[in-house]
Amino acid sequence: MKKPIRNLAVVAGAASAAFALAVSPASAVASTVWTVTPSPANFTALNSGNIVLSVNGIAMTCTKSNAAGTMQSATGNPATVGSISTMVFGAPGVPCTSVLGTVVATPTLPWAVKVFDYTDNVDATVTAGACNFRVTGKASGTYTNSTGKLAVSSTSGELTVVSATNCGGAVPVGAKPIFKGDYLVKVAGTTTIPKIVGSNP
């Protein structure tokens, strides 16, 4: 039975990272066939509004962010339906900012794009001024097939700071960050919105 992608979790490994899309199953049988339309295709994603990581009440904000990569249909649960080859936070003359100083996120690419029927984990390193910290956990959200809007909106307790250097009490180990931000996804060079549908034949 086919069903649209509805829930999202952002996931990553120790040396790389991955986005994981998770659906709410329409039946007790988990999806194993994931149809991406069109497939294969290059895609781009631009932020719609600010991208914000809040740690211990301190907001780290990017007004510009973009990503690009490839997508294709796949089988499995989880299934790799794409690869992110470019992930940028900030832009020339428009850096990400916080009260701690300029924020720099340096992704280790490529990131795999994986679809799940259920959520998984995230692992990322962030530098804000002299403060450097590592975050693990998950960041839930939604992807809407009709608009191509990828809306990440984690809740308290999904992410945890597991290590921190030069952060003092601003970003302590054990803090529970919140990650929020929207991206609009399109097939590269077009206005076409990619669709991802899970089914179990």
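Okay, a definition to start: buried means under 20% relative accessible area, exposed means over 50%, and partly exposed is in between, with a 1.4 Å probe and protein chains only. What you see above is a predicted model, where local features need pLDDT of at least 70, side-chain atom pairs count only at pLDDT 80 or more, and totals for chains, interfaces and linings use all residues. Residues are numbered from 1 along each chain as its sequence is written, and side-chain values use heavy atoms, with hydrogens and water left out.

So, strand E18. Strands (E, at least two residues) and helices (H or I, at least four) are DSSP runs, numbered from the N terminus. E18 covers residues 178-187, and seven of its 10 residues are buried, so the rest of the structure largely encloses it.

Who pairs with E18? Pairing here takes at least two DSSP bridges between two strands. Strand E5, residues 41-47, runs antiparallel to E18 over five bridges, with Leu46 opposite Leu184. Strand E16, residues 149-153, is also antiparallel to E18, with five bridges, and there Lys149 stands opposite Leu184. Then strand E6, residues 51-55, pairs antiparallel with E18 over three bridges, putting Leu53 across from Phe179.

Now the core. A nonpolar core is a set of buried Ala, Val, Leu, Ile, Met, Phe, Trp, Tyr and Cys residues joined through side-chain atoms within 4.5 Å. The largest one has 42 residues, and Val55, Met60, Phe133 and Val171 have the most contacts inside it. Its largest share, four residues, comes from strand E10, residues 79-89.

Last one, Phe133: leaving out residues up to four places away in sequence, its contacts (heavy atoms within 4.5 Å) include Leu53, Val55, Met60, Cys167 and Val171.
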